[in-house]
Amino acid sequence: MRRARTLAACSVAVCALLLSRAAAQPDAPPEPAGYRMGDYRSRVPATLRGASVLDTPAALALWKQGSSLFVDVLPRVAKPANLPAGTVWRDPRHDSLPGAIWLPNTGYGELSAAGDAYFRRGLEKASKGDADMQLVFFCQRDCWMSWNAARRALDYGYRRVAWFPDGTDGWSEAGLPLSQIDPFKAEPD
């Protein structure tokens with residue numbers, strides 16, 4: 001009965017997408033009660049309560065419309081601690097969906113106060129304070145970072161949140177372009 005009410009409440013397109021994704025991933029784990037706190041590179045749920053779940057064609061359609069904010073949350077590669085003194089360190093190239101913003105290290109289950117402030121400021125600045133802007137969170141396939149970030153955005157009060165679980169892997173496998181991006185500057189103006 002509850003499932004019937006839920007299905008009646010959502011649009012036909014959204015329901016079809018959710019049901020097809022759940023059917024395509026019968027071994028997907030259930031959604032946790034909170035954020036995923038570890039083992040971030042493992043099978044992800046087929047759903048995220050309160051958010052739309054996008055496959056590559058749906059993400060591409062939103063990307064082509066140009067009205068959604070795509071948010072990459074893949075962690076930044078850390079500078080190796082054992083580099084000899086005087087060694088020059090350059091961040092490795094980070095390729096992402098063209099036009100996306102990169103808010104690295106914001107998909108962990110627990111964020112430091114500084115990490116949480118950076119994520120909030122980044123979303124606020126990039127969305128221009130519009131809690132109704134469509135936000136699409138992604139990183140790589142089978143990465144809980146984007147799931148956590150999308151859930152956190154819902155908890156922050158953003159109302160149109162989407163999760164693209166195949167991320168840059170699904171995008172590039174579909175032959176779609178990637179471009180180099182740098183971390184988003186979320187400092188206050």
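**Figure 1. Trp-63, Phe-70, Phe-138, Phe-164 and Trp-171 form one aromatic cluster in this predicted model.** The structure holds eight aromatic pairs. In one of the pairs, the ring centres of Phe-138 and Phe-164 are 6.5 Å apart and the planes meet at 55°, so this pair is tilted. The pair joins distant parts of the chain, since Phe-138 belongs to strand 5 and Phe-164 to the loop between strand 6 and helix 6 (167–173), 26 residues apart. Phe-138 and Phe-164 are both buried.

**Figure 2. The largest nonpolar core has 33 residues.** Val-71, Phe-119, Leu-123 and Phe-137 have the most contacts inside this core. Two or more residues each come from strand 2, strand 4 (101–102), helix 4 (113–127), strand 5 (135–138), helix 5 (144–155) and strand 6 (161–163). Helix 5 gives the most, with six residues. In soluble globular proteins, nonpolar side chains tend to be buried together.

**Figure 3. Phe-137 and the residues around it.** Leaving aside residues up to four places away in sequence, Phe-137 touches Val-71, Val-73, Phe-119 and Leu-123, and also Ser-146, Ala-149, Ala-150 and Ala-153. Its contacts also include Val-161, Ala-162, Trp-163 and Phe-164.

**Figure 4. Helix 5 is largely enclosed by the rest of the structure, because ten of its twelve residues are buried.** The buried residues are Trp-144, Met-145, Ser-146, Trp-147, Asn-148, Ala-149, Ala-150, Arg-151, Arg-152 and Ala-153. Their cover includes helix 4, strand 5 and strand 6. At 1.5 Å a residue, the twelve residues of helix 5 should span 16 Å, and this agrees with its end C-alpha atoms, which are 16 Å apart. Just after helix 5, Gly-157 has a positive phi of about 105°.

**Figure 5. The charged ends of Arg-151 and Arg-152 sit over the ring of Tyr-35.** For Arg-151, the charged end is 5.6 Å from the centre of the ring. For Arg-152, the distance to the ring centre is 4.2 Å. Both Arg-151 and Arg-152 are among the buried residues of helix 5.

**Figure 6. Ser-68 lies in the loop between helix 3 (56–65) and strand 2 (69–72).** Ser-68 has a relative accessible area of 15%; buried means under 20%, so Ser-68 is buried. Not counting residues up to four places away in sequence, Ser-68 touches Leu-62, Gln-134 and Val-136.

Terms used:
Residues numbered from 1 in each chain as written. Predicted model: local features only at pLDDT ≥ 70, side-chain atom pairs only at ≥ 80, totals over all residues. Heavy atoms only, no water. Helix = DSSP H or I, 4+ residues; strand = E, 2+ residues; numbered from the N terminus. Buried < 20%, exposed > 50% of the residue type's maximum accessible area, 1.4 Å probe, protein only. Contact = heavy atoms within 4.5 Å. Core = buried A, V, L, I, M, F, W, Y, C linked by side-chain atoms within 4.5 Å. Expected span 1.5 Å × (residues − 1). Phe/Tyr/Trp six-rings, centres within 6.5 Å; stacked < 30°, edge-to-face > 60°. Lys NZ or Arg CZ within 6 Å of the ring centre and 35° of its normal.
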